[in-house]
Amino acid sequence: MPGDPAAAGPAPQTPADVRRRAVLAGTLVSLLLILAIVFGSRLLRDFDSALLPYAVATVFLAFGVAYRYTVWISAPGARRLFKQGWRSFFSAANFRKAPTALPRMIATYLGFQKFLGARSHARWAAHQLVFWGCLLAAAITFPLTWGWFTFTSSTGSGPGYEMRIWGLKVVGFDALSILGWLMFHGLDIAAVLVIAGASYFLWRRMKDRAAITGQRFAYDLVPLLALIVISVTGLLLTFSSIFLHGGGYEFLAILHMVSVVFTLIYIPFGKFFHIVQRPAAVGMQLFKYTSRGKGGSADTVLACRRCQEPIDTAPYVENLQGTMRDLDLGFDEWAEYCPRCKRVLRGNAYLDHVKKGFK
């Protein structure tokens with residue numbers, strides 16, 4: 001009814017509302033992480049005070065990620081993507097219909113990122129090196145920084161060590177064995193992987209004209225340089241311990257710490273934020289996949305209004321049109337045309353209205 005406040009829907013969010021909610025989310029997540037550090041390290045008994053700057057940086061990281069993510073999903077397009085992704089994730093009907101769809105998409109989109117292989121096999125390989133190197137480094141350093149993992153000598157004098165999680169013994173190993181070497185050099189392995197991948201991307205940004213044209217120093221080059229500095233200084237710490245008897249170790253440790261802290265704080269506000277956004281793409285792919293199965297593909301795939309070629313699933317196009325209506329763009333019906341027909345229609349409109357009479 002005209003004039004009925006309920007019919008007008010929820011009031012639009014102001015930027016101040018979004019910022020307040022983002023600050024609240026960031027503060028809540030930071031407090032939860034601090035509590036997890038305190039209790040996970042057994043009331044700080046297992047917390048290494050030398051790693052305090054790293055731990056503080058992870059708390060800032062948690063705040064920044066929660067803040068930026070809240071702002072991101074407050075935008076109409078991202079909010080719809082977020083809701084549809086989680087709706088598909090928790091749907092029992094989807095699970096019964098395609099029980100392996102979600103694990104397969106997590107493996108292909110998040111783990112092996114097969115979509116990158118369509119662009120370039122070299123870029124895919126380099127991205128895999130950076131991805132698995134960073135993942136390995138994070139899996140080792142974050143729990144160590146928070147005091148969740150500890151490595152203690154089992155005898156006090158021999159090569160035997162124990163790995164404990166939250167105070168509970170998980171595994172015992174000989175420091176001189178292969179397992180012991182892998183345990184103590186996991187970060188070195190991660191550094192080698194990251195240096196190889198990041199160096200390729202840095203080389204590409206110096207040589208590839210397409211990459212050079214649109215790149216920005218702070219957004220495209222700084223993240224690569226930061227990864228290389230972290231990895232090189234980490235390897236130099238090992239080199240100093242083994243070959244220099246600790247020579248220059250303190251300087252390298254400070255340089256390494258500064259580079260890590262800077263990168264952790266940079267993550268939510270730079271290019272690395274796409275790491276946090278990527279799981280949402282899996283939700284959208286799951287939504288498209290399960291939508292395609294409803295009643296058979298022929299009934300659910302929308303055809304172009306001009307050439308009748310298939311565009312995408314009808315629910316996905318409806319979702320896109322809903323986003324365009326939310327943004328008051330005023331041309332949501334164009335979502336029912338394929339990309340080629342959109343270009344043709346735009347060209348015809350240009351000839352009719354701008355270059356009318358041009359031969």
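**Notes on a predicted, mostly helical-count-first look at the fold**

1. Let's start with burial: 33% of the 359 residues in the protein are buried, where buried means under 20% relative accessible area, exposed means over 50%, and partly exposed is in between (1.4 Å probe, protein chains only). Keep in mind that this is a predicted model, where local features need pLDDT of at least 70, side-chain atom pairs count only at pLDDT 80 or more, and totals for chains, interfaces and linings use all residues. Residues are numbered from 1 along each chain as its sequence is written, and side-chain values use heavy atoms, with hydrogens and water left out.

2. Now the parts list. You'll find 15 helices and 5 strands in the protein; these are DSSP runs numbered from the N terminus, with helices being H or I of at least four residues and strands being E of at least two.

3. How big is the radius of gyration of the protein? The value is 26 Å, while a compact globule of 359 residues would come out near 21 Å. The radius is taken over C-alpha atoms, and the globule rule is 2.2 Å times the number of residues to the power 0.38. Along the principal axes, the C-alpha trace spans about 85 × 55 × 40 Å.

4. Contact here means heavy atoms within 4.5 Å. Take the contacts with a separation of 6 or more: 58% of them are between residues 24 or more positions apart.

5. On to the core. The largest nonpolar core holds 20 residues, and L227 and L264 have the most contacts inside it. Such a core is a set of buried Ala, Val, Leu, Ile, Met, Phe, Trp, Tyr and Cys residues joined through side-chain atoms within 4.5 Å. Helices that each give at least two residues to this core include helix 2 (52–74), helix 6 (121–145) and helix 8 (186–207), along with helix 10 (217–243) and helix 11 (249–266). Helix 10 supplies the largest share, 5 residues. In soluble globular proteins, nonpolar side chains tend to be buried together.

6. Zoom in on L227: leaving out residues up to four places away in sequence, L227 touches V130, C134, V194, A198 and F272. There is also a second, separate core of 6 residues, with V59, A62, W146 and W148 among them.

7. Is G111 buried or exposed? G111 counts as buried because its relative accessibility is 12%. This glycine is found in helix 5 (residues 101–111). Not counting residues up to four places away in sequence, G111 touches I106, Q128, F131 and W132. G111 and F131 are 20 residues apart in sequence, and their C-alpha atoms are 8.5 Å apart in space.

8. Two glutamines are worth a look. Q113 has a positive phi, near 45 degrees, without being a glycine. Q113 lies in the loop between helix 5 and helix 6, and is buried, at 4% relative accessible area. Q308 also isn't a glycine, yet has a positive phi of about 70 degrees. Its place is in the loop between strand 4 (301–303) and strand 5 (310–313). Q308 counts as exposed because its relative accessibility is 52%.

9. Last stop: T150, in strand 1 (residues 149–153). T150 is buried, with a relative accessible area of 12%. Setting aside neighbours within four places in sequence, T150 is in contact with D46, E162, M163 and R164.
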